[in-house]
Amino acid sequence: MSQAVSFEVDTYQNNRWVLECVLDDKDMALSTAKRLYDSKRFSAVRVVQETYDENSNSSRERVIFETTVADRDNRAAKARQPATKVDRSERQSLKKRPRKKTEQKPVKKSGPSLWVLLLLLAIISAGGLGLLVYVKSL
Amino acid sequence: MAEYKGIERRLVFRLLDYWEKKKDGRKMPSLDDIKASELGDDWDWCFLILLGDEEESATFHHIGSLIWPNDRSPLVGKEVSASPDESLVKQATRFMPRVLELGVPVSVGGECTDGGDKLLYRSTLMPLSSDDEFVDALFGGANCRKVMNK
């Protein structure tokens, strides 16, 4: 299978891609694209790899490099930012979140209190004794 | 065959830069814009081709002595197709149709034979126009180094 590979360098002008030159060497094409981009005359440049298949008489295109003004601005902005060093001195080891304490609900007493029960028991006992004495006296 | 002493690829970049600079807002520069005095030593690695009108054959207008040594029979004024098969200038001009088709510079490299030497070369061919509409000439350049047999 015979294939011919070439690299097209395009620049973006007036809302369309314009072919600037064609090279058969990838590195040279990338260098040319970067040189054109560095000239700051174009909002974007790209390199398209074209592979021509002689057997099928067809070609395949693939963008292998593309950069825009936005990329350049982003890189410039990143370069302007002071390199913030991460302070590890106060770094603490990770801890698991503490378990939430479940509030103990106050036990709501239901029914009569102990003293009432004792009083009731005392009354019943006294009543019982009184009844027992009454029965013996008969 | 002379050998280029600088970094091989730089000549092509210098010529592309020169062509680009000479465009001056046009699609391409004209033949008159290409000046030997501005190209310095690179001029000897360059050549100029006049395409003529339709149906006319392309002829050499200038050919640098480092591409086509002076001791060979002159090629200036001769048809481009007449250049010997085993020569650097043949390789440097073989993609002329591609330049005419695309209307932009084309750069090609590879191996060739010239004067019995096996060469590794890189060449470029750029269109020229006097009216910025029809291509009437080509500006080219090529450099090379010998491939040493191990």
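Two strands are said to pair if DSSP finds at least two bridges between them, and helices (H or I, at least four residues) and strands (E, at least two) are themselves DSSP runs, numbered from the N terminus. The structure described here is a predicted model, in which local features need pLDDT of at least 70 and side-chain atom pairs count only at pLDDT 80 or more, while totals for chains, interfaces and linings use all residues. Residues are numbered from 1 along each chain as its sequence is written, chains are lettered from A in the order in which they are written, and side-chain values use heavy atoms, with hydrogens and water left out.

**Chain A**

The secondary structure of chain A consists of three helices and four strands, and along the sequence these follow the pattern β-β-α-β-β-α-α. Strand 1 of chain A, residues 3–13, pairs with strand 3 of chain A in the antiparallel sense over nine bridges, and within this pairing A:Thr11 has A:Val45 as its bridge partner in strand 3. Strand 1 of chain A is also joined to strand 2 of chain A, again antiparallel, by seven bridges, with A:Asp10 standing opposite A:Leu19 of strand 2. The hairpin of strands 1 and 2 of chain A has two residues between the strands, and in it A:Asn14 takes a positive phi near 50°.

Of the 138 residues of chain A, 22% count as buried, where buried means under 20% relative accessible area, exposed over 50%, and partly exposed in between (1.4 Å probe, protein chains only). Contact, for its part, means heavy atoms within 4.5 Å; among contacts in chain A between residues at least 6 apart in sequence, 47% join residues at least 24 apart.

A:Arg46 is placed in strand 3 of chain A, which spans residues 44–53, and it counts as buried because its relative accessibility is 19%. Leaving aside residues up to four places away in sequence, A:Arg46 touches several others, including A:Asp10, A:Trp17 and A:Phe65. A:Gln49 also lies in strand 3 of chain A, and it counts as buried because its relative accessibility is 15%. With residues up to four places away in sequence again not counted, the residues that A:Gln49 touches include A:Phe7, A:Arg60 and A:Ile64. A:Gln49 and A:Lys78 are 29 residues apart in sequence and 30 Å apart in space, C-alpha to C-alpha.

| Residue | Relative accessibility |
|---|---|
| A:Arg46 | 19% |
| A:Gln49 | 15% |

**Where chain B meets chain A**

At the interface, 16 residues of chain B are in contact with 15 residues of chain A. The two chains bury about 1,300 Å² between them, 50% of it on carbon and sulfur atoms, buried area being the accessible area (1.4 Å probe) that two parts lose on being put together, summed over both.

There are four salt bridges between chain B and chain A, each being a side-chain nitrogen of Lys or Arg within 4 Å of a carboxyl oxygen of Asp or Glu. One salt bridge is formed by B:Glu20 with A:Arg41, whose closest N and O atoms are 3.4 Å apart. On the side of chain B that touches chain A, helix 1 (8–23), helix 4 (96–102) and strand 3 (106–114) of chain B each supply at least two residues, and helix 1 of chain B provides the largest share, seven residues.
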